[in-house]
Amino acid sequence: MHTTRILMGMPITVILADSYATQKDCDAVFAYFQAIDNQFSTYKKESEISLFNKGEIQRKDLSKDMKLVFRLANQTTKETNGYFNIVKHDGSIDPSGLVKGWAIYNACKLLAKKGFKNFSIDAGGDVQVAGKNEKGEEWRIGIRNPFNPKEIIKVVGLTTQGIATSGTYVRGQHIYDPHQNSHLKGGRLENVVSVTVIGKNVYEADRFATAVFAMQSNGIYFLEKQNGLEGYMIDKHGIATMTSGFNTYVI
Amino acid sequence: MKKFLLILIVLCLLTAGIVVWNKKEEMDGDDAPIVAKPTSSTPAPSSAAAQYKDGSYTSDVVQTDRGFGPLQIKLVVSGGKISDVQFLQFPNKPGHTTEVSNAALPLLKQEAITAQSAQVDVVTGATQTSEAFQQVLSATLAMAK
């Protein structure tokens, strides 16, 4: 069972490797992403986040999920020395840098609750896998060449984990260096073009990939110090630097 | 122009939920596939299937807004569904390796990236979340209507 749809402006692919999976199970995952998009998209004028940014919803009246996402974002800001921040320069909130990983993680929980053991959800290149692939082997995840999207430059084997990549022109103003007060556009953050992070789930991988990318060359050292996270950073010269445990995943 | 593209994105978001993208296996040739897993044939419920016109659609060349160069994609529609998205032009360009300073990164292992030909289930990469990618995807989807 392998289905791709375009939702939230990106291809989302669900692979259900358990033989009893049906299209209906895939559809439930896509319905969840659609609901998340309706609630959290800053492109949708009537989404909860847009209404909050317009001042039409007060903080105390926000939904439980929105409050949770704000809390998770604040926690991430602290854990990354301010490199991850959902507050934009104009003061508005754009939680998309956190919501994607969080939503994939929740969608995987939804599948686990239904009793599925072997599956993969890929939303725009951020991935969580569970169990084994359709051949009964560990999931084989390729890292795309940031200079040539037709190429894969590394393959890692994962069982129940998350992997995410942050890159030079990823969506969103949530990637900037808060300590230099310079946005990516300023050109300072230009040495590193891509950071891939492996974590215990895609939520961890995604938020740290975003922050580590903002840290640029120092980011891989920050990642090295984190428990349970490994990373592969590619600079503009095509030179990769990896954390000390990364190679244990390489196939 | 930017506003126009944004409108296209919104239109795409509204309609995109019903697009099914059945990626075909692309294991021939030397290029590693973008998504290499063959699909089992799993058509969406017919009520949810958006019908695009079959053919190949090439986007305009879009200049990415952070000075990383042009982006252009080709969208292939077969059987009314998107079967492939190819990159014709791609913004990132590698720099000169002579500028690499190993002294800056003394502790961790480094290597020059090299293409792999192994088969994979899924691919991780930042490409598909870029604003530029979403813009050309939306505009190209509109052509296929």
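A residue counts as buried here if 20 or more other C-beta atoms lie within 10 Å of its own, as exposed if 12 or fewer do, and as partly exposed in between, with C-beta atoms placed from the backbone. Keep that in mind for strand β2 (residues 10-16) of chain A: seven of its seven residues are buried, so the strand is largely enclosed by the rest of the structure. A:Met10, A:Ile12, A:Val14 and A:Leu16 point one way from β2(A), while A:Pro11, A:Thr13 and A:Ile15 point the other way, and all are buried.

A word on ground rules. This is a predicted model, where local features need pLDDT of at least 70, side-chain atom pairs count only at pLDDT 80 or more, and totals for chains, interfaces and linings use all residues. Residues are numbered from 1 along each chain as its sequence is written, and chains are lettered from A and ligands numbered from 1 in the order in which they are written.

Now step back to the whole of chain A. It has six helices and twelve strands; these are DSSP runs numbered from the N terminus, with helices being H or I of at least four residues and strands E of at least two. The radius of gyration of chain A is 18 Å, close to the 18 Å that the globule rule gives for 251 residues, so chain A is as compact as a globular protein of that length. That radius is taken over C-alpha atoms, and the rule is 2.2 Å times the number of residues to the power 0.38. Along the principal axes, the C-alpha atoms fill a box of roughly 50 × 45 × 30 Å. Of the 251 residues in chain A, 55% are buried.

Back to β2(A) and its neighbours. Strands pair if DSSP finds at least two bridges between them. On one side, β1(A) runs antiparallel to β2(A) and is joined to it by six bridges, with A:Ile6 opposite A:Pro11. These two strands make a hairpin with two residues between them, and A:Met8 in the turn has a positive phi of about 55°. β2(A) also runs antiparallel to β3(A), over five bridges, and here A:Ile12 stands opposite A:Ala123.

Follow the pairing onward and you get an open sheet of nine strands, antiparallel, in the order β1(A)-β2(A)-β3(A)-β4(A)-β7(A)-β10(A)-β11(A)-β12(A)-β5(B). At the edges stand β1 (2-7) of chain A and β5 (110-112) of chain B, each with a single partner strand, so one side of each is left without a neighbour in the sheet. The twist averages 15° from one strand to the next. Helix α4 (residues 96-113) of chain A packs on the sheet, touching β3 (119-123), β4 (126-130) and β7 of chain A, and its direction makes about 20° with that of β4(A). Contact means C-beta atoms, placed from the backbone, within 7 Å; axes are lines fitted to C-alpha atoms, for helices over the stretch in contact, and angles run from 0 to 180 degrees between N-to-C directions. Elsewhere in the sheet, β7 (residues 161-167) and β10 (residues 192-199) of chain A pair antiparallel over six bridges, with A:Gly167 opposite A:Ser194.

Finally, two loops. A:Asn81, between α3 (64-79) and α4 of chain A, has a positive phi near 55° without being a glycine. A:Asn81 is exposed, with 12 other C-beta atoms within 10 Å. A:Gln216, in the loop between α5 (202-215) and α6 (219-225) of chain A, also has a positive phi of about 55° and is not a glycine. With 18 other C-beta atoms within 10 Å, A:Gln216 is partly exposed.

Notes: Contact = placed C-beta atoms within 7 Å.
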